[in-house]
Amino acid sequence: MSLNSEASGSQQANELLKVETNGGGDTRKIALITGITGQDGSYLAELLLKKNYEVHGIIRRASTFNTSRIEHLYANPVAHQGGKMKLHYGDMTDSSSLVKIISMVKPTEIYNLAAQSHVKVSFDLSEYTAEVDAVGTLRILDAVRTCGMEKTVRFYQASTSELYGKVVETPQNEKTPFYPRSPYACAKMYGFWIVINYREAYNMYACNGILFNHESPRRGENFVTRKITRSVAKIYHQQLESFELGNLDSKRDWGHAMDYVEAMWMMLQCEKPSDFVIATGETHSVREFVEEAFKFIGREIVWQGEGVNEVGIEKGTDIVRVRINPKYFRPTEVDLLLGDSSKARRELNWTPKVTFKELIKDMMESDIELMKRNPIA
Ligand code: NDP
Ligand code: GDR
């Protein structure tokens, strides 16, 4: 793997002239992933390397290493020594970096996964979230056009079930009206429509994957599922007595990230571009997630009290394991997500393989092992 952020303008222009058309029998498989260091980016990179793609990822400069999720790929001789994976410094807020990277890499597929992806944080960083998630999407689409590649590149946009927001109908499908409930969802709404607009205006092969929540052992630590599995794993090892959560009653359609990145790839292999809901078709509350995680370590949680005074107590003891802290409440909440992915099942032949209980098992096993190795993680 190499960090390759340098190439002269004329070099790039010359290289650009050599771009072949994807429709004209171009058999190159070159993927560019924004957000490669995130949960989905890391699984997608693995999947595409297995499919023999040359994989390029955009990473942003950070004061600490932000590549822990893809570090194992450094050790992979096919990816690393074979030159199959390259990282480039760039940022969704920096158009020139995007143009430079696209002109140099000449991707056949772009997966736009980079985002300020935390819904609660988007209320505090609303302008930045719009810069990255909304205008960032526009920037990368325009970078494709600036490079004259709008007819050759296939483009995937990480859209989200957060677009549905306030419940209008369930289950939610591609025709369900949107009602975004956060600065994050509003920014992603712009991303969704600009992708459709560029598809219609410039005949681009561009797809929105409307993905419902998907989790894994690599999930960011401040999303609710990972927060729960990490905390319960610490309780198992007696490193923690209790932890705090916000709204226990919101319901999510939770799948496994590994299943969902496969759907991203499938969307770019169709004859025509389209938008797809990707979901399991099952919904569970945060409360149920907590109960299942505790069940995994052989404990049962019973709930007592109401509202902010509600607590989760370990059955057979008087030990409080879960408390409510209103600081985790959102100014506007998304109460219920339940996806109908029948279009993807029909047209992509996609189905989720991992069930709700299997997902929790995977995350719990991983966090129990992590906390055993590193109690201060
Ligand atoms: P993560 O938060 O794990 O990853 C986000 C990625 O975006 C990271 O690689 C991050 O880099 C990168 N990033 C953030 N800001 C910038 C920026 N300004 N410039 C360049 N890169 C940036 O998200 P997920 O992997 O969970 O999600 C991937 C995408 O899918 C996101 O767009 C998310 O909004 C969307 N999505 C996610 C769902 C889910 O349930 N996971 C469901 C539906 C949509 P760094 O590592 O440096 O922070
Ligand atoms: P979400 O995921 O907002 O659905 O966005 P998150 O895990 O943050 O919240 C899910 C639900 O849990 C409730 N909750 C808490 N959430 C967090 N983070 N921390 C807590 O302590 C807590 N307690 C209760 C929340 O209120 C919410 O109802 C994720 C992100 O990956 C987005 O990028 C993506 O677009 C959507 O999923 C689909």
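This note reviews the surroundings of the two ligands in a predicted model.

1. Ligand 1 is surrounded by 25 residues, and the closest are T37, L113, S117, Y184 and K188. By class, the shell around ligand 1 divides into 10 nonpolar, 10 polar and five charged residues.

2. Several elements contribute to the shell around ligand 1: helix 2 (39-50), helix 6 (126-146), strand 6 (154-160) and helix 7 (183-202) each supply at least two residues. Strand 6 gives the largest share, three residues.

3. Polar contacts of ligand 1 involve both side chains and backbone. An oxygen atom of ligand 1 lies 2.6 Å from a polar side-chain atom of Y184, and an oxygen atom of the ligand is 2.9 Å from a polar backbone atom of H214. A nitrogen atom of ligand 1 is 3.2 Å from an N or O atom in the side chain of R219. Ligand 1 taken alone exposes 900 Å², of which the protein buries 90%.

4. Around ligand 2 there are 22 residues, with T160, Y184, S250, R330 and E333 the closest. The shell of ligand 2 comprises seven nonpolar, nine polar and six charged residues.

5. Ligand 2 lies between domain 1 (2-216 + 256-278) and domain 2 (224-252 + 284-336 + 355-373), because both domains give residues to its shell.

6. For ligand 2, an oxygen atom is 2.6 Å from an N or O atom in the side chain of T160, and an oxygen atom is 2.8 Å from an N or O atom in the side chain of R252. Taken alone, ligand 2 exposes 700 Å², and the protein buries 95% of that.

Conventions:
Residues are numbered from 1 along each chain as its sequence is written. Chains are lettered from A and ligands numbered from 1 in the order in which they are written. This is a predicted model: local features need pLDDT of at least 70, side-chain atom pairs count only at pLDDT 80 or more; totals for chains, interfaces and linings use all residues. Side-chain values use heavy atoms; hydrogens and water are left out. A residue is near a molecule or strand if one of its heavy atoms lies within 4 Å of it. A polar contact is a pair of N or O atoms within 3.5 Å; within protein, one must be able to donate a hydrogen and the other to accept it, and residues adjacent in sequence count only if both atoms are side-chain atoms. Accessible areas come from the Shrake-Rupley method with a 1.4 Å probe; for residues, only the protein chains shown count as cover. Ala, Val, Leu, Ile, Met, Phe, Trp, Tyr, Cys and Pro count as nonpolar, Asp, Glu, Lys and Arg as charged, and the others, Gly among them, as polar. Domain bounds come from an automatic or database domain assignment. Helices (H or I, at least four residues) and strands (E, at least two) are DSSP runs, numbered from the N terminus.
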